[in-house]
Amino acid sequence: MVTEPVQHAVRRVDDADQPTATLGDVDISSELSTRSVRRPDYERENRAFASLALEMSKNPRNMLQKLVEVAVELCRAGTAGISLLEGDVFRWEAVAGVFASYRNGTMPRTASPCGICIDRDASELMHLPDRCFPALRADPRFVEALLIPFHFQDRPVGTVWIVAHSEERKFDRTDERVLRALSEFASAGWQMWKARDTAEEASRRKDEFLAMLGHELRNPLAAIVSAVGILTRKGAPGGSQRAVEILLRQSHHLTRMVEDLVDLSRISQGKLALKREQVELKSIVADAVETTRERIERRGHQLSVELPPEPIWLEADALRLAQVLTNLLDNAAKYTPEKGQIQLRTWRENDQLLVSVRDTGIGIPRERLDSVFNLFEQLGSSLDPSAHGLGVGLSLVRGVVELHGGSIVAASEGVGTGSEFTLRLPLSPKPLTAAVPSEPPASVALPPSRILLVEDHEDLAESLSLSLSFDGHSVRAARDGPSALEALKSFEPDIVLLDLGLPGMDGYEVARQMRGRCKDAITIVALTGYGQDHGRRQTAAAGFDAHLVKPIELDELRHLLADRAAIGRRSGALTTSH
């Protein structure tokens, strides 16, 4: 029962809005040990706690409001509340009693006694706290306040508090014990509420991602279907070449989306292995600029690149760092109005390399600067109608940078002011010998071979068979393991391109049986959608000579076939042993 039947509560601001007493003057926590203790009502408390437990299982957030209502009742308080620390302010998440109408109000941390409670991580009892904390000045007055912190992962994140509005009501050890028990409920309820909100947010983001994925896949697929229509239509002069260009462009777009998703999955599972080597920064920047040049020029942007005059060496995966810079430049081009400015700048700072990508684009709201690196987070509507995305690029960027021992931050003054992404990477000592740039691969002249293609995906098998046939090879296709083993005997291939994910007998077992039958006479190449290192080790152990990741790049396959003697073409005779 509330013993202070005040009808109206009003916060007031005095002309002299300054403290009139020190914290030591209002802190009377020591009196808790000397005051007489009222007789506990355990039966009443148990009923209240049971109702809170039931409410927490149903609705953790609503339980916090019920908790403060129970606090008013059990402690005979005028007002009770829960204050959550959010940055530099406390928010009254739940309030009951006289000041119930002030629920969701905020107060600066430094202006609230809750800040003292959090800092000391201990119970606090204060008398006329508004003398030290003027923000509490109100009618009726906060005569006595008892505050208890509650925790998340051993860190105080808020307080449960009760207030008496008259000198007659004084809190004691019984009130402290009850409030401490309620603070445990508050901690559990807050954690369950946050967990539920996190799960709901993850579900919402997943739904948004799936919708975006469907949208993003439909666009290139529609373009591919249209291009195929052109190729199959007679009497369309000049259309075939344009159709082929569309097919290539959209296929690369689809491939990049899939590769980004696969890379993110590898990062989240700790399975993305970096191929570190001594690399010079200039070549990484050049690769990224060349990759994004077409989009930047198409939108009329002006790109400026500033590099230190001396070589900058990194112990890094050059391909992955180029991927990082490509994503940042690509975003700058997409989210900047036409004829904008994009600047890529690099400089040394002690033993670190700093790389900045700045644009004059749409900018980022300040409250979203930390969340732009979240998975499936979208910066906003792309200004390039041909360029959308899944919201995975910046998450991938952060993951790759952190794998290199670096960090990345976003900066923006707000919407319409452009944005800047700055990454830091550890520098490497200058190598003892200069790195020799790799020569671009020369065109490959392929000697005709007998190739057995084992692939259960009909369209992929047919298209790859056609490509290999155009190169002058004799190709036989098989759809499963048993037919592949039969073709091994009847067709006698030089090379086997073997899909790992076959129905029934998988590619590993097929390879093992082929090795048992033909010893070292053929080259067996694994075809798979997985490129992790452990997968490559598995295929090598099963008897494969090489490992190609889908989608198969024809140039890579041609080089592999031309060089098959170096990768494992063996001498031997075909046997019929089982």
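The following legends describe close-up views of a predicted model.

Local features are reported for pLDDT of at least 70 and side-chain atom pairs only at pLDDT 80 or more, while totals for chains, interfaces and linings use all residues. Residues are numbered from 1 along each chain as its sequence is written, and side-chain values use heavy atoms, with hydrogens and water left out.

View A. The strands follow the order β10-β12-β13-β15-β14, and their pairing is mixed. The edge strands, β10 (302-306) and β14 (407-411), each pair on one side only. On average, neighbouring strands of the sheet are turned by 15 degrees against each other, direction ignored. Helix α7 (residues 281-298) packs on the sheet and touches β10, β12 and β13; the direction of α7 makes about 180 degrees with that of β10. Helices (H or I, at least four residues) and strands (E, at least two) are DSSP runs, numbered from the N terminus, and two strands pair if DSSP finds at least two bridges between them. Contact means heavy atoms within 4.5 Å. Axes are lines fitted to C-alpha atoms, for helices over the stretch in contact, and angles run from 0 to 180 degrees between N-to-C directions.

**View B. Pairing of strands β12 and β13.** Strand β12 (residues 341-349) pairs with strand β13 (residues 352-359) in the antiparallel sense, over eight bridges. Glu349 has Gln352 in β13 as its bridge partner. Arg345 lies over the face of Trp347, 4.0 Å from the ring centre; a charge sits over a ring if NZ of Lys or CZ of Arg is within 6 Å of the ring centre and within 35 degrees of the ring normal.

**View C. Helix α9 and the residue that follows.** Helix α9 (residues 393-403) is largely enclosed by the rest of the structure, because eight of its 11 residues are buried. Among the buried residues are Gly393, Leu394, Val397 and Val401. Buried means under 20% relative accessible area, exposed over 50%, and partly exposed in between (1.4 Å probe, protein chains only). Just after α9, Gly405 takes a positive phi of about 80 degrees.

**View D. Surroundings of Asp175.** Asp175 lies in helix α5 (residues 173-232) and is buried, with a relative accessible area of 0%. Apart from its neighbours within four places in sequence, Asp175 is in contact with Arg38, Cys75, Leu146, Ile162, Arg169 and Lys170.

**View E. Surroundings of Val160.** Val160, in strand β8 (residues 155-164), is buried at 1% relative accessible area. Leaving aside neighbours within four places in sequence, its contacts include Leu67, Ile82, Leu146, Phe150, Leu179 and Ala186. Val160 and Ser123 are 37 residues apart in sequence, with a C-alpha to C-alpha distance of 9.9 Å.

**View F. Two aromatic pairs.** The whole structure contains seven aromatic pairs. The pair of Phe99 and Tyr102 is tilted, because the ring centres are 5.5 Å apart and the planes lie at 45 degrees. Phe99 is buried at 0% relative accessibility, whereas Tyr102 is partly exposed at 24%. Phe152 and Trp190 form an edge-to-face pair, 5.4 Å centre to centre with 65 degrees between the planes. This pair links distant parts of the chain, with Phe152 in strand β7 (residues 144-152) and Trp190 in helix α5, 38 residues apart. Rings of Phe, Tyr and Trp (its six-membered ring) pair if their centres lie within 6.5 Å; planes under 30 degrees apart count as stacked, over 60 as edge-to-face and the rest as tilted.
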